[in-house]
Amino acid sequence: MKKALVLFGGASSEHEVSCVSAKFVAENIPRDSYEVLLVGISKAGEWFLYEGDTKMLPEDAWLEDKAHCKKAVLSPDRKDHGLLIFKENGVECVRIDVAFPVLHGKYGEDGTMQGLFALAGIPFVGCDTLSSSMSMDKAVTNLVMDFAGVAQAKWLAVTKAAYEENPEAFLEAAPEKLGFPIFIKPANAGSSVGVSKAETPAELKKAMEIALREDDKVVAEEAINGLEIECAVLGNTHPTASEVGAILPKKAFYDYEAKYLDDSSELQIPAQIPPEKQKEVQKTAVKVYEALGCRGLSRVDFFLERGTDRVLLNEINTLPGFTAISMYPKLTMRRMDAETLMKTLLELAEQEA
């Protein structure tokens, strides 16, 4: 039987969500095809093989279950092709056939972990190193989308060094080009972490302070008055798009808490939009996916602008959440059950090996 590694946790600000997503993933990998090995990474960056119950994954309860935690690391040596597990009587090497890095945000979704798996020669679920890195960086994504001809909000980017050298230049340029309100986003934080909506110069300055705590580069985008819609893309060389879902947030915008922790936002599946707009979103989602060189899976988010009906790209998420209120599994599970989805993702990973 093949061994599937589910990697979770991590040193990013999305650690907690990763643990919840990993519970869903691990519990739905078909056990008649795969033996599942759980490896958790603490917030401090320590790696452990966890042999306890998946119900312990949320809220880091697994880390308190010391009896079922063993120190382990992924070997970069292709001959090992797997895990090095540290035991009292020595080191055991366990070969891994395929991995599912259920890691959101920095050090997991940004090409870091993908590069390690590529070095080790282990097939893994999701986008490769380059596409993960490009998709994680909002400024790079926006540049690629401009080149590819994908419509999106007007935007500006600035590095921490450039901003600190002359903050007034950016604080004047952003409203001049984008108008108010403006969304300020860390370029590489992911999942709305550190994102603020600024409606005044004072709020813009404060938003920059918040964003720069998360990353050394910031993206400013014009605020779009539109319906937030999302599409799940699945596949390698011939990706397909799901039907379109809509987010009806209860807050000012669909932030990190609303995405993963607070179920008060309404998820509308299918989105109540004209059929031709649904087709446009699906076609554009695949175009974005292919332009960035994605594989396996991604969730592509858009706005349907009120008054104009323009479809505008918001962002792409190469390792979307798999929590009970996450849009990606809800959309894909309209056409397949959870076990089939997990098996499909693992098989797509092995096809790329």
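Helices (H or I, at least four residues) and strands (E, at least two) are DSSP runs, numbered from the N terminus. Thr141 belongs to helix α5 (residues 138–148). The model is predicted, so local features need pLDDT of at least 70 and side-chain atom pairs count only at pLDDT 80 or more, while totals for chains, interfaces and linings use all residues. Residues are numbered from 1 along each chain as its sequence is written, and side-chain values use heavy atoms, with hydrogens and water left out.

Thr141 counts as buried because its relative accessibility is 4%; buried means under 20% relative accessible area, exposed over 50%, and partly exposed in between (1.4 Å probe, protein chains only). Apart from neighbours within four places in sequence, Thr141 is in contact with Met134, Ser135, Leu292 and Ile316, where contact means heavy atoms within 4.5 Å.

In helix α3 (residues 112–120), the buried residues are Met113, Gln114, Phe117 and Ala120. They lie on the same side of α3, because they cover an arc of only 125 degrees around the axis, the arc being that of the directions from the helix axis to the C-beta atoms. The elements covering these buried residues include those in the table.

| Element | Residues |
|---|---|
| β1 | 2–9 |
| β2 | 34–41 |
| β3 | 47–50 |
| β4 | 69–74 |
| β7 | 98–102 |
| α4 | 129–136 |

After α3 comes Gly121, with a positive phi near 75 degrees.
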